[in-house]
Amino acid sequence: KKGGKPLMECFTLRKSARQFSEKPLPPQVLSNLFYAADGISRPDGRKTVPTARNSQNLEIYAAMASGLYVYNPKTNTLTQVSKKDIREICGKQAFHKIAPVDLIYVADLSKIGKDREDKILYASNHAGYASQNVYLYAASEGLSTVVCGLVDKAALGKALGLPANKEVIFTQPVAWPAE
C-alpha cells in the first residue's frame, strides 16, 4: 500500500502497449498488481474499485506459464486452479503468449442487475474500473499493458470452467516492456 509514483504523473504515463518482455514479474509486483485491480482497501471489505450496490461481482483470473490462478481479495493471494498454460487463448494477438501474466476479468452475473443488458453494463463498468487501476499501477511501476476485447470468450470461459452465471468480459496482459 506504499510506494509508486504520484497519481498525476501516472495519468501522464498511462498508455497501451503491445510489445512485452517474457521476464517474470516478481511476487511483490504481482501482489501490488492484484491489490490495485480488486484488493480490499477498507476495514468494511470495500475494494479498490467501485461496484454498483457494492455487488463485488468481479473475479480476476491470472493466466501464467505455470498455470491458471484466481485472485482472492480477502487474502491478497492467488489460488491455482489449473496447471495448464492458457495464455494463447486469452486473446487473438500473439503477445498474449509472451506476457508473463494475462489478467482475465470475469463477471458473476448472478450478483448484479435485473436483466442481461443491465448485468453486462454493470459488469463491464466494474471490469473497466479494475483495468484502469491496473493501467495506473503499470504506469507507476514501468510495466506495459493493454486491455483486449478481441477474445474468444466462449473458448476462454470453457478453459476457465465457468458456470452459466459467469462470463468473461475482457483480458489484460501485463509485462515489463519489450527490450
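A pocket is here an open set of points, on a 1 Å grid over the protein atoms alone, where a 1.4 Å probe fits and protein lies on both sides within 12 Å along at least five of seven lines, and its lining residues have an atom within 4 Å of a point. The views show a predicted model, in which local features need pLDDT of at least 70 and side-chain atom pairs count only at pLDDT 80 or more, whereas totals for chains, interfaces and linings use all residues. Residues are numbered from 1 along each chain as its sequence is written, and side-chain values use heavy atoms, with hydrogens and water left out.

**View 1. Lining of the largest pocket.** The largest pocket holds about 400 Å³ of space, a volume being the space filled by probe spheres set on grid points that are joined across faces, edges and corners. Of its 17 lining residues, Gly-3, Gly-4, Ala-36, Tyr-137 and Ser-140 lie nearest the centre. Helices H1 (7–13), H2 (27–38) and H4 (116–141) each supply at least two lining residues, and H4 gives the most, with five; helices (H or I, at least four residues) and strands (E, at least two) are DSSP runs numbered from the N terminus.

**View 2. Lining of the second largest pocket.** About 250 Å³ of space lies in the second largest pocket, where Lys-47, Gln-56, Leu-58, Pro-73 and Lys-111 are nearest the centre among 16 lining residues. Strands S1 (58–64) and S2 (67–72) are the elements that give two or more residues to this lining.

**View 3. Packing of H2 with H4.** The two helices pack at an angle of about 145° with their axes 7 Å apart, where axes are lines fitted to C-alpha atoms over the stretch in contact and angles run from 0 to 180 degrees between N-to-C directions. Val-29, Asn-32, Leu-33, Ala-36 and Ala-37 of H2 make the contact with Ala-130, Asn-133, Val-134, Tyr-137 and Glu-141 of H4, contact meaning heavy atoms within 4.5 Å.

**View 4. The aromatic pair of Phe-20 and Phe-95.** Rings of Phe, Tyr and Trp (its six-membered ring) pair if their centres lie within 6.5 Å, with planes under 30 degrees apart counted as stacked, over 60 as edge-to-face and the rest as tilted. Phe-20 and Phe-95 form an edge-to-face pair, 5.4 Å centre to centre with 80° between the planes.
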